[in-house]
Amino acid sequence: MDHRQLATDVLRSVGGKENINKVTHCVTRLRFELKNSKIPNAEEIKAMDGVLTVIQQGGQYQVVIGNQVVPVFNELSSLLGDMSHTESSNDVQGEKKSLFDRFTSMISGVFMPVMGALAASGIIKGLLACLSAFGALTATDGTYIVLNAIGDALFYFFPIFLGSSAAKYFGLNQYVGMIIGGSMVYPALVNFVGSEHQLTFLGLPMNMMNYTSSVFPAIVAVWFASLLNRVIEKRITQGFRYFLAPFIVLLVTVPLTLFIIGPVITYLSNGLADITTAIYNFNPILAGLVLGGPWILIVMFGLHWAFIPIFINNMATVGYDSVMGLLAANQFAMAGAALAFGLRARDKQMKTLGISTGGTALLGVSEPALYGVLLPQKKPLIMAIIGGSIGGVIGGAFLSKVYAFAPSGVFGIPGAVNPQGIDSGFYGYVLQMAVGLVVGFILTYLWGYQTRTKSGELATQGTTDAISVSGIEGTDEGSSSSVAKTEMIVCSPVSGEVVDLASVADEAFSSEAMGKGIAVIPSSGTIVSPVDGVVTTITRSRHAIAIIGNDGVEVLIHVGLDTVKLKGEGFSLKVQEGDSVNVGDVLMEVDLTKISEKGLHVITPVIITNSGSYSSIRGIGTQQISAGAPLISIKV
């Protein structure tokens, strides 16, 4: 699916930007509030690649996308420009999140827009270091100077780029954020760093510091500016707000940043770099063992975003990052485990999956291998973690470091080249990649692949399907191949009356556009997990939860119809995205009475969103069911 093209086509078909009062999204659909709802051609939109159906209800024109709604919404927001109302309808005022969750969300929101360009710049800087080390180029060569400008521009002017992305995240005009970042690296001000002549502002002396390549000062400064902007805009009439608010914000924020915010955050940043280096130096081999393999899990749960600014900050303050020097092996260990799985598999589809995802992992894209092979099969994941830790020990023993922020996989190799010349740390960095690949491959090939024999007992060879199997038939006598029949069970997330999807008063569900499944009319407000797996998506309005089972089945629990309108009222979450759950674990408590009082239906569809992956999906057949009891039978 081309997300950009789909967003463009939908925008055109609903009448363009001029016909939109508001657009939001929930877990499955774009929700338009249009000025003229007669303009869109529903049949034209339904025929678009990626659109499941179109629904008009509750004053909204709803375009049902399914699992890809978020990237389509993001592209739509980009096309709409600065329309401030193009925010997710999942936002709930006052929703409580842990400080760490808010921090990681902020970091990912600020850094994600620049990650691709940052990785590309890192590769260029690494290649220049290689060319310089082998004598192919010198720092005075014109070619070197041009390439160095390309590779170093983003990093040198980092406060400007971070000012832009931070402003977008915090709801401030992006150009105001860029001015704040640009002021911090303005040449005339940078010239006063270390100068005998002290810079003063309104007669007050400034402690000028060099903010080129810095990370945290610009983010904190823009955050402060966004808070100030909200206060100012409430006190200025609409006619003057356009220019007067930025004027006041800049006039206050930039001097305050140069006086206080910048120096304080810089001292803290330097302290953070010193702490990280001290931990590494305490025992780099132990650090490699502890971080090398488990880093896979840290990435899987999205916790790595908390470390990204620390890595970049270390490069800015000390010229390199030590921890990243221990993390090269886990990428290759995942590749090795996936490749071994593919070679052992007899099933053609699983063989192709393992080999192809293993290859992409070598190139730095690990998600297909992680979520398509390692996580569903479990044992290859364990073997990859072991391989990553053993490789991390090698990196620690050679004191490997990373000098330029580059992507994972083979493209990350240039980033480990010391600008002063190739050293033992570089060889250790490459060696740990090889060790991770070999160990992950061998362990998975020998012990990380399970199957069932004719008697049904587990063995370490042959074929396997999903993890959660309730019955497998062995080979018939005289047959040259085995035929496996796999059945998976999805349990009911709630107690109540079981009904067909056709009875759901929402075409997106009743037409099975979202996928096949069953609906339950709840008698209790306790919602539990229907499978063993991981919570992948929770709408901020809390009315819907998506879970991917350990066997790969994707389940959507949609509590009530149009309950997104409640904006979280009456829903009490007990889990967070990324949490591992088992059948029967409580996901949320729902006030069914409140839903009914608002005139909304409480009927809860339970949808298998990847229905196309299975040959048969059917209800178990009971009319009354308890939460945690078998509800849906799935056959591969």
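Me: Which residue of strand S22 is the bridge partner of Met488, and what kind of model is this?

Reply: Ile634 is the bridge partner of Met488 in S22. The model is a predicted one.

Me: What makes S9 and S22 count as paired strands?

Reply: At least two bridges are needed between two strands. S9 and S22 (residues 630–635) have 5 bridges. They therefore count as paired. The sense is antiparallel.

Me: In what order do the strands of that open sheet run?

Reply: The order is S9-S22-S20, 3 strands with antiparallel pairing. From one strand to the next, the twist averages 20°.

Me: Why are S9 and S20 said to stand at the edges?

Reply: S9 (487–491) and S20 (616–619) each have a single partner strand. One side of each is therefore left without a neighbour in the sheet.

Me: Which strands pair with S18?

Reply: Strand S12 (residues 526–528) pairs with S18 (residues 586–590). Strand S16 (residues 571–573) pairs with S18 too. Each pairing is antiparallel, over 3 bridges. With at least two bridges as the cut-off, both therefore qualify.

Me: Which residues of S18 are the bridge partners of Ile527 and Phe571?

Reply: For Ile527 the partner is Met588. For Phe571 the partner is Val590.

Me: Which residues make the contact of H5 and H6?

Reply: H5 brings Ala153, Leu154, Phe155 and Tyr156. H6 brings Phe158, Pro159 and Phe161. The residues of this contact divide into 7 nonpolar, no polar and no charged.

Me: Which residues touch the most other members of the largest nonpolar core?

Reply: Phe111, Phe158, Ile180, Val215, Ile219, Ile312 and Phe405 do, out of 61 residues in that core. Helix H4 (residues 99–133) gives the largest share, 9 residues. A second, separate core has 35 residues, including Leu587, Met588, Leu592 and Leu600. In soluble globular proteins, nonpolar side chains tend to be buried together.

Me: What does Ile180 contact, leaving aside neighbours within four places in sequence?

Reply: Ile180 is in contact with Ala221, Val222, Ala225, Leu250, Thr253 and Val254.

Me: How do you know that Thr444 is buried?

Reply: Buried means under 20% relative accessible area. Thr444 has 0%, so Thr444 counts as buried. Thr444 is in helix H18 (residues 424–447). Beyond four places in sequence, Thr444 is in contact with Ala337, Ala340, Phe341, Pro380, Met383 and Tyr449.

Me: How far is the C-alpha atom of Thr444 from that of Leu339?

Reply: The two C-alpha atoms are separated by 9.0 Å. Along the chain, Thr444 and Leu339 are 105 residues apart.

Me: And Asn314: buried or exposed?

Reply: Buried. The relative accessibility of Asn314 is 2%, under the 20% cut-off, so Asn314 counts as buried. Asn314 lies in helix H13 (residues 308–318). Not counting residues up to four places away, Asn314 touches Ala273, Thr276, Gly319, Tyr320 and Asp321.

Note on methods:
Residues numbered from 1 in each chain as written. Predicted model: local features only at pLDDT ≥ 70, side-chain atom pairs only at ≥ 80, totals over all residues. Heavy atoms only, no water. Helix = DSSP H or I, 4+ residues; strand = E, 2+ residues; numbered from the N terminus. Core = buried A, V, L, I, M, F, W, Y, C linked by side-chain atoms within 4.5 Å. Buried < 20%, exposed > 50% of the residue type's maximum accessible area, 1.4 Å probe, protein only. Contact = heavy atoms within 4.5 Å. Nonpolar A, V, L, I, M, F, W, Y, C, P; charged D, E, K, R; others polar. Axes fitted to C-alpha atoms, helices over the stretch in contact; angles between N-to-C directions.
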